[in-house]
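These are my notebook entries on a structure that I looked through entry by entry.

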Amino acid sequence: MPQATVHVLPRPYQASIENGLLSRAGSLLAELLPNASRVFVVTVAPVRKRWGSKFLASLKAAGFNPQVIMMPDGEPAKRLETVEAMAEKLAKMGADRKSVIIALGGGVVGDVAGLLASLYMRGVEFVQVPTTVLAQVDASIGGKTGVNLVAGKNLLGTFYHPRVVLIDPAVLKTLPDREFRAGLYEAIKCGIIGNVELFIRFEQNRDRILKRDPAELEWLIAQSVKLKAEVVSADEHEGGLRRVLNLGHTIGHALEAETGYRKLLHGEAVAWGTIAATNIALSVGRTDSVTAGRISDAVLSLGRLPELNVSTTKIIGRLQADKKTQNGVVHFVLPREIGKVEISSDVPERAVIGAVEELRRLSRSASGRAR
Ligand SMILES: NC(=O)c1ccc[n+]([C@@H]2O[C@H](COP(=O)([O-])OP(=O)(O)OC[C@H]3O[C@@H](n4cnc5c(N)ncnc54)[C@H](O)[C@@H]3O)[C@@H](O)[C@H]2O)c1
Ligand SMILES: [Zn+2]
């Protein structure tokens with residue numbers, strides 16, 4: 001079974017990736033957590049409906065008596081009050097320090113359940129069972145937990161690593177199409193950052209990927225997880241290297257914020273942001289037109305992206321505001337070649353303006369049409 005180790009202190013942990021893993025989750029957890037008193041599965045309705053019984057059956061077969069804690073679905077549920085409500089439920093159900101919290105769901109469930117696990121009785125064991133592409137390749141690895149404040153996304157959170165991450169790519173077959181593709185942009189990102197072979201899969205096996213061929217998905221998720229695990233292992237708290245994971249996110253975040261977090265899924269904003277970063281790299285001479293063309297084509301070939309009706313001035317304004325919160329510099333991750341990026345803090349504003357203008361043009365002409 002493909003595995004990646006996240007080397008963090010005080011205890012490294014594994015991410016295991018295998019089709020059908022959900023059915024073996026119980027026995028794996030029984031081995032890993034022999035002292036678990038109780039297990040609590042945090043999930044949302046769409047996931048429970050499709051995958052809940054399979055997962056719970058596997059826990060029961062391994063001798064656990066799992067309790068389910070439901071939370072509301074979607075980004076608006078990423079609030080501290082959700083954490084508090086679930087903590088009250090845990091207490092009522094008699095959860096103690098030896099209890100285990102399992103997140104079964106997408107990034108929202110993982111972020112909220114992770115925060116809950118880090119806070120309840122000052123920290124109980126935590127397990128991630130991610131069920132979206134985004135959560136499998138990105139959110140479940142690296143230990144960031146969090147909820148949103150009115151003032152901004154993910155402003156309240158902790159670093160709290162899970163004991164193990166169990167990834168079953170087979171659960172992706174019930175994921176809505178748009179969510180599925182949105183997560184794939186983070187996987188393409190991993191290819192651009194440091195895995196040429198992964199990137200080439202998107203060029204050569206696009207149709208199999210979009211048809212959700214199980215072997216294909218298992219492979220590309222495993223490769224993406226390995227890349228994220230390596231980066232996090234080298235730089236747990238985003239001091240330097242971990243920033244490479246922000247490829248596409250500088251402009252991506254500005255686009256998400258500017259469209260009120262309603263129009264674009266996170267992965268879609270990253271897709272546009274990746275194209276923008278690539279065009280910036282091209283205009284400042286950090287990459288060549290062949291590489292830039294390959295990246296844009298790979299991103300756009302996955303299908304329709306929402307059109308961008310954003311003002312360039314407002315996007316630049318958002319980046320300026322970010323600058324204030326980031327010690328006066330905005331970092332751009334720029335692709336140099338496929339599999340290699342660099343972090344730049346001196347991108348001239350006109351390059352950014354040009355890239356955003358280009359996005360607007362592209363989005364009008366290309367968003368409707370998959371190449
Ligand atoms: N902690 C991190 O490092 C990190 C990294 C990236 C993103 N995030 C966070 O992740 C969140 C986004 O996560 P997401 O994209 O997974 O969204 P999500 O958790 O909202 O899931 C998307 C939708 O898919 C549904 N769903 C999940 N799995 C399904 C399945 N197998 N079948 C059918 N439906 C399913 C969910 O119920 C939800 O409606 C954001 O809040 C973001 O901030 C965190
Ligand atoms: Zn992201």
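Where is the place of Tyr261? I found Tyr261 in the loop between helix H10 (249-258) and H11, where helices (H or I, at least four residues) and strands (E, at least two) are DSSP runs, numbered from the N terminus.

Before going on, I note that this is a predicted model, in which local features need pLDDT of at least 70 and side-chain atom pairs count only at pLDDT 80 or more, while totals for chains, interfaces and linings use all residues. Residues are numbered from 1 along each chain as its sequence is written, and chains are lettered from A and ligands numbered from 1 in the order in which they are written.

Entry: I looked up phi of Tyr261 and found it near 55°, a positive value in a residue other than glycine. Tyr261 has 15 other C-beta atoms within 10 Å and is therefore partly exposed; a residue is buried if 20 or more other C-beta atoms, placed from the backbone, lie within 10 Å of its own, exposed if 12 or fewer, and partly exposed in between. Arg212 also has a positive phi, near 60°, and sits in the loop between helix H8 (206-210) and helix H9 (214-234). Arg212 counts as partly exposed because it has 16 C-beta neighbours inside 10 Å. I then checked the loop between strand E1 (3-6) and strand E2 (13-17), which holds Pro10; the peptide bond from Leu9 to Pro10 is cis, with omega near 0°.

Entry: Strand E10 (residues 332-337) and strand E11 (residues 340-344) run antiparallel and are joined by five bridges, two strands being paired if DSSP finds at least two bridges between them. Phe332 has Ser344 in E11 as its bridge partner. The two strands form a hairpin with two residues between them, and Gly339 in the turn has a positive phi of about 95°.

**Entry: helix H1.** In H1 (residues 25-32) I found Ala25, Gly26 and Leu29 buried. They cover an arc of only 95° around the axis, which puts them on the same side of H1; the arc is that of the directions from the helix axis to the C-beta atoms. The buried residues of H1 pack against helix H2 (45-61), strand E6 (125-130) and strand E9 (164-167).

**Entry: the core.** The largest nonpolar core has 115 residues, and those with the most contacts inside it include Ile102 and Val225; such a core is a set of buried Ala, Val, Leu, Ile, Met, Phe, Trp, Tyr and Cys residues joined through C-beta atoms within 7 Å. Its largest share, 10 residues, comes from helix H11 (residues 266-283). Leaving aside neighbours within four places in sequence, I find Ile102 in contact (C-beta atoms, placed from the backbone, within 7 Å) with Val39, Phe40, Val41, Val42, Val127 and Val129.

**Entry: domains and overall shape.** The protein is divided into domain 1 (3-173) and domain 2 (177-366), with bounds from an automatic or database domain assignment. Their C-alpha centres lie 27 Å apart, and the contact takes 24 residues from domain 1 and 26 residues from domain 2. For the whole protein I noted 14 helices and 11 strands, with 47% of the 371 residues counting as buried.

Notes:
Two residues are in contact if their C-beta atoms, placed from the backbone, lie within 7 Å.
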